[in-house]
Amino acid sequence: MLLDVAMSTDGPGTPSSAVLKSARTRTRIMDATAKVLSHKGYAETRLTDIAIEADIQAPAIYYYYSSRQKLIEAVVRHGTSQMNDHVSSVLESLPSTTPPMQRIAAIVEAHLRLSLELSVYTTAAIRNAGQLPGPMRERQRADEERYADLWRNLLEEAHAAGAIRRNVDLRVVRMLLLGALNWAAEWWSSERGSLESVVCTAQTLIQNGLSADTPVDMRPVFLAPSS
């Protein structure tokens with residue numbers, strides 16, 4: 001949930017009841033938008049759907065957001081920010097002696113748990129990134145780049161420490177890795193198995209695929225063209 005409380009007060013340091021009510025309504029609108037956007041997508045998300053989910057009248061939304069686009073952008077950018085903050089906090093909480101591959105495994109879990117279980121905002125941001133119109137998509141892309149930088153730095157540190165095999169393209173690794181983690185939001189549901197199984201499988205694939213300690217034949221394999 002998102003709760004922004006303005007600075008107006010009834011007394012020193014005490015938010016007024018009107019400010020608190022407004023903040024709760026804004027949060028309800030944002031929560032409802034994230035839920036509808038996650039399930040219906042950008043093109044099919046309507047203010048009427050959001051109003052029903054938030055249990056308010058649709059015109060009331062314009063008191064808080066000047067347009068449907070502004071509201072949706074607030075939601076998706078909040079979702080991307082949540083991912084960056086969550087994964088960063090997980091990294092910061094690890095002991096400084098944590099080996100590089102365990103650090104990568106930790107943020108693989110953090111990414112999957114947030115997008116699949118903890119935050120509908122992040123799920124909405126991931127599912128709708130490719131549907132956003134031009135300028136909105138560019139602003140969202142800038143937010144995504146800040147998150148990509150976190151992964152870029154971590155992979156480079158692991159590579160420099162000799163934890164990742166030398167002859168891999170780290171940019172390709174990062175793009176494939178984030179693409180696979182994000183795609184889980186499209187196909188996974190609790191009916192398809194436990195989240196723990198998804199996390200464990202992803203960690204195993206990534207660690208075994210990247211680890212310098214895992215023997216592997218790195219020669220490329222190309223299929224012969226069919227006649």
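How many aromatic pairs does the structure hold? It holds two, where rings of Phe, Tyr and Trp (its six-membered ring) pair if their centres lie within 6.5 Å. Planes under 30 degrees apart count as stacked, over 60 as edge-to-face and the rest as tilted.

Before the details, a word on the model. This is a predicted model in which local features need pLDDT of at least 70 and side-chain atom pairs count only at pLDDT 80 or more, while totals for chains, interfaces and linings use all residues. Residues are numbered from 1 along each chain as its sequence is written, and side-chain values use heavy atoms, with hydrogens and water left out.

The average pLDDT (the predictor's confidence in each residue, from 0 to 100) of the protein chain is 88, and 87% of the residues score at least 70. Over residues 3-10, however, the pLDDT is below 50.

Here are the aromatic pairs:

| Pair | Geometry | Centre to centre | Angle between planes |
|---|---|---|---|
| Tyr-63 and Tyr-64 | edge-to-face | 4.9 Å | 80° |
| Tyr-147 and Trp-151 | edge-to-face | 6.5 Å | 85° |

Tyr-63 is exposed, with a relative accessible area of 66%, whereas Tyr-64 is buried at 16%. Buried means under 20% relative accessible area, exposed over 50%, and partly exposed in between (1.4 Å probe, protein chains only). Tyr-147 and Trp-151 are both buried. They are separated by about one helical turn because they sit four residues apart in helix α7 (residues 134-160); helices are DSSP runs (H or I, at least four residues), numbered from the N terminus.

Two arginines also meet tyrosine rings. Arg-26 lies over the face of Tyr-65, 5.1 Å from the ring centre, and the charged end of Arg-68 sits over the ring of Tyr-42, at 4.5 Å from its centre. For this, CZ of Arg must be within 6 Å of the ring centre and within 35 degrees of the ring normal.

Definitions and conventions: Contact = heavy atoms within 4.5 Å. Helix = DSSP H or I, 4+ residues; strand = E, 2+ residues; numbered from the N terminus.
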